[in-house]
Amino acid sequence: MRRALVACLALGLGCGPVGVLLMLRRMSLMGDALSHAVLPGAAIGFLIAGFSLAAMSLGGFAAGLTVALLAGLVTRFTGQREDASFAAFYLMSLALGVLIVSTRGSSVDLLHVLFGTILAVDDASLILVASIASLTLLTLAVIYRPLIVECFDPGFLQSVQAWGTAYHLAFLILVVLNLVAGFQALGTLMAVGLMMLPAAAARFWAQEVWSMAAVAAGIAVLSGYIGLLLSYHANLPSGPAIILTAGMAYLLSIVLGTQDGLLVRFLPRQHLQA
Amino acid sequence: MKPALQLDDLTICYNRHPAVHHLSGAFHRGSLTAIVGPNGAGKSTLLKAIMGLLPVTTGRIDHAALAPSEIAYLPQQAQIDRSFPITVLDVVMLGHWQRISVLRAVTTQLRDQAVAALAAVELVDFQRRPIRSLSAGQFQRVLFARMLLQDARLILLDEPFTAIDARTTADLLNVVRTWHDQQRTVIAVLHDLEQVRVHFPETLLMARSSIAWGQTAQVLTPENLQRARQMAEAWDEQALLCGVNP
């Protein structure tokens, strides 16, 4: 249980800021696509080495990255929009994953991969999750500036800096890494929840990217903590408990948030002079 | 003296149909040129190709005298996300990219220069405002302030005053004049011929190829404008192969 808590803390710290950037790039649903894309890699790892975190993570990382790269390449060279190319490749990847699991494994295995079991986190996986979180925060700190410019005005970055798209690629790698970190705790289906829900909630509290990222990390960590306690004491599956807690935070933020929250928006207040 | 930008028999195609067709000529250093022509004449295509954003089909664009960092470009419809959570001052500060790049610190001096650029476009009180609260005209002023900091030798503007009110246009034209006085080369795609006659000494009138290029008064004659209008806008699906040797 203590390990699970620490894992959630580390996951939240990394996933929060990554989620904010995904949301600002209007790639919220691509995180979802990538999380499904991880499946065949994880499944192959599972079949080769059993329930070994290293094998599943490595496979998942490779599969996720392949889908991200192929989709990115298609967009770059054919001009098809990124959402369409991502959808195409992740669906193929997902189908392949289910095919592999269903021909070679049992449905219990599939459930493991899809929904994760955070209470089974051991020291090795804890170190993996913590390393990914540290790497994420460090990398984000270094490439923060170009990443934001690429998000806000990609044409400008292209005109002032050669290889501007390299930062986009580095960011996609971070997304896949964090999904891989999340899937053993939350499962491939729900790993993306700890990324997007806190980010979506943070948008109602902050006006700048850095503060949004901080709020998102905070909400993610808290959701992990509360969700885990709930699942432990009420004997619920951990993944859904954590994600639903984050979902509650999102719903509360919609209503109470200081930036365009419903209360602020619809509370009758006298308008200003200018 | 070598011109700032030389075009040699330049052709740029979309799907083998030329948008810019056998265009040759030069933009001289320190010149202030308007590019005029009907919709679909290849004006924006030309600017994009100069920026290296489109591949050249045949011919050459020579700006050997200028490093890429010395060229600033304001696209027609920038892919800018205007709901992005970023402040006006931060956007202007991006004009310092050549000096701050990915990791270098923003010094007080650089910040002061950014504030001065905002003052030049009369937005000094807007520094801390998020950009989503700005009107289209105010946002265009912000982009001009950013270009002021870029300190470029060649400045490309693609329809910079479309959907902008008269006062903002007048203020931004002043900025353009300042650039001209500083011997920078400025090229602007424009549609308002009156504006071109008053503010732009030179004009390139194009309709895929060049109809006329030179002193504005000699270019914008009724006969030339008539010829430009006659250019067929639509692609001819049955177009024959171009007979001009590359």
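This is a predicted model: local features need pLDDT of at least 70, side-chain atom pairs count only at pLDDT 80 or more; totals for chains, interfaces and linings use all residues.
Good morning. I begin with a helix in chain B: in α1(B), the buried residues are K43(B), L46(B), L47(B), K48(B), A49(B) and I50(B). That helix spans residues 43–50 and is mostly covered, with six of its eight residues buried. After α1(B) comes G52(B), which has a positive phi, near 80°.

For chain B, the average pLDDT is 87, and 96% of the residues score at least 70.

Let me now place the helix in its surroundings. Chain B contains an open sheet of six strands, in the order β5-β6-β7-β3-β8-β9, and the pairing is mixed. At the edges stand β5(B) and β9(B), the latter covering residues 209–215, and each of these pairs on one side only. On average, neighbouring strands of this sheet are turned by 15° against each other, direction ignored. Helix α1(B) packs on this sheet and touches β3 (32–36), β5, β6, β7 and β8 (202–207) of chain B. The direction of α1(B) makes about 145° with that of β6(B).

Which way do its residues point? From this strand, residues 71–74, I71(B) and Y73(B) point one way, while A72(B) and L74(B) point the other way. All four of these residues are buried. Strand β5(B) pairs with β6(B), residues 154–158, in the parallel sense over four bridges. Within that pairing, Y73(B) has L156(B) as its bridge partner in β6(B), and L74(B) stands opposite L157(B).

A188(B) lies in strand β7(B), which runs over residues 185–189. Is A188(B) buried or exposed? The threshold for burial is 20 or more other C-beta atoms within 10 Å. A188(B) has 25 C-beta neighbours inside 10 Å, and therefore counts as buried. K43(B) is one of the buried residues of α1(B).

Chain B has a further open sheet, this one of three strands. The order is β2-β1-β4, with antiparallel pairing. Why is one side of β2(B) and of β4(B) left without a neighbour in the sheet? These strands, β2 (17–27) and β4 (58–62) of chain B, stand at the edges and each has a single partner strand, so one side of each has no neighbour there. From one strand to the next, the twist averages 25°. Strand β1(B), residues 5–14, runs antiparallel to β4(B) and is joined to it by four bridges. On the residue level, D8(B) has R60(B) as its bridge partner in β4(B).

I now move to chain A, where the secondary structure is helical: there are 14 helices and zero strands. Its radius of gyration is 19 Å, close to the 19 Å that the globule rule gives for 274 residues, so chain A is as compact as a globular protein of that length. Along the principal axes, the C-alpha atoms of chain A fill a box of roughly 70 × 50 × 30 Å. Of the 274 residues in this chain, 51% count as buried. Considering contacts in chain A between residues at least 6 apart in sequence, 73% join residues at least 24 apart.

How values were computed: Residues are numbered from 1 along each chain as its sequence is written. Chains are lettered from A and ligands numbered from 1 in the order in which they are written. Helices (H or I, at least four residues) and strands (E, at least two) are DSSP runs, numbered from the N terminus. The radius of gyration is taken over C-alpha atoms; the globule rule is 2.2 Å times the number of residues to the power 0.38. A residue is buried if 20 or more other C-beta atoms lie within 10 Å of its own, exposed if 12 or fewer, and partly exposed in between; C-beta atoms are placed from the backbone. Two residues are in contact if their C-beta atoms, placed from the backbone, lie within 7 Å. Two strands pair if DSSP finds at least two bridges between them. Axes are lines fitted to C-alpha atoms, for helices over the stretch in contact, and angles run from 0 to 180 degrees between N-to-C directions. pLDDT is the predictor's confidence in each residue, from 0 to 100.
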